[in-house]
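The notes follow in the order I took them.

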Amino acid sequence: MVSGPSDIATAAPDPLALKILVAGGFGVGKTTLVGSVSEIRSLQTEERLTEAGRPVDDTTGVAAKRTTTVAMDFGRITISDALVLYLFGTPGQERFWFLWDELAQGAIGAVVLADTRRLADSFAAIDFFESRGLPFAVGVNCFEGADRYPPEAVRAALDLDPDIPVVLCDARVRSSAREALVAVVEHALRRSAAARSAMT
């Protein structure tokens, strides 16, 4: 007996998998964000800060920090049945920036985490993505005790283009961090659609 079409189970299509970078300055909350949203146990390459690194590791504003990412963080979050994000957290210290080009390969966008107490630390990541034409959103990590500013004030301070999303978030809270990730995906899709439209 030959099975008919109705007897064949229709397999659900595999979800679209996208690569997102989580970048920003030293101690801004990248590892925390990846760990808080990841539905798998996040891979972390944290090492203790040592006296040997003191001359090159600027801990201004994060004096209580005891560890640092030396390669990358990795996690995964399912946004919907049709979309899965693979997250790659970059190391924040300048001496590890050579890894960023490798990590950026294949990424559709990035979240640049910012701390309003140390906004200047965000410029290196912003310049990196702008120079490579990689879409990004800025996630302002609302640390306890830090002054809160509206997104437009942060946009002006960072001299961002009007179309770049600026999202207030708490990297420790899954739902809040997720909003920053969704913002960069939507921004990247808008950029892609605009580019296709310009070519027609």
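Predicted model: local features only at pLDDT ≥ 70, side-chain atom pairs only at ≥ 80, totals over all residues.

**Entry 1: overall count.** I searched the whole structure for salt bridges and found eight. I then looked up several of them by residue.

**Entry 2: Arg118 and Asp115.** I found a salt bridge between Arg118 and Asp115, with the closest N and O atoms 3.4 Å apart. Are the two partners buried or exposed? Arg118 has a relative accessible area of 11%, so I logged Arg118 as buried. Asp115 is at 1% relative accessibility and therefore also went down as buried.

**Entry 3: Arg132 and Asp101.** Here the closest N and O atoms of the salt bridge are 2.9 Å apart. Which parts of the chain does this pair tie together? Arg132 sits in helix α3, residues 123–132, and Asp101 sits in helix α2, residues 100–104, so the bridge joins parts that are 31 residues apart in sequence.

**Entry 4: Arg155 and Glu152.** The side chains of Arg155 and Glu152 form a salt bridge, at 3.1 Å from N to O. Where do these two residues lie? I placed both in helix α4, residues 151–158, where they are three residues apart, about one turn of the helix. The burial values fall into separate classes for this pair: Arg155 is buried, with a relative accessible area of 12%, whereas Glu152 is exposed, at 52% relative accessibility.

**Entry 5: Ala153.** While in that helix I looked up one more residue. Ala153 lies in helix α4 and counts as partly exposed, at 33% relative accessibility. I also took a C-alpha to C-alpha distance from Ala153 to Val166: the two are 9.9 Å apart in space and 13 residues apart in sequence.

**Entry 6: recap.** For my own reference, I list the pairs looked up by residue.

- Arg118 with Asp115, 3.4 Å between the closest N and O atoms.
- Arg132 with Asp101, 2.9 Å between the closest N and O atoms.
- Arg155 with Glu152, 3.1 Å from N to O.

Terms used
Residues numbered from 1 in each chain as written. Heavy atoms only, no water. Salt bridge = Lys/Arg side-chain N within 4 Å of Asp/Glu carboxyl O. Helix = DSSP H or I, 4+ residues; strand = E, 2+ residues; numbered from the N terminus. Buried < 20%, exposed > 50% of the residue type's maximum accessible area, 1.4 Å probe, protein only.
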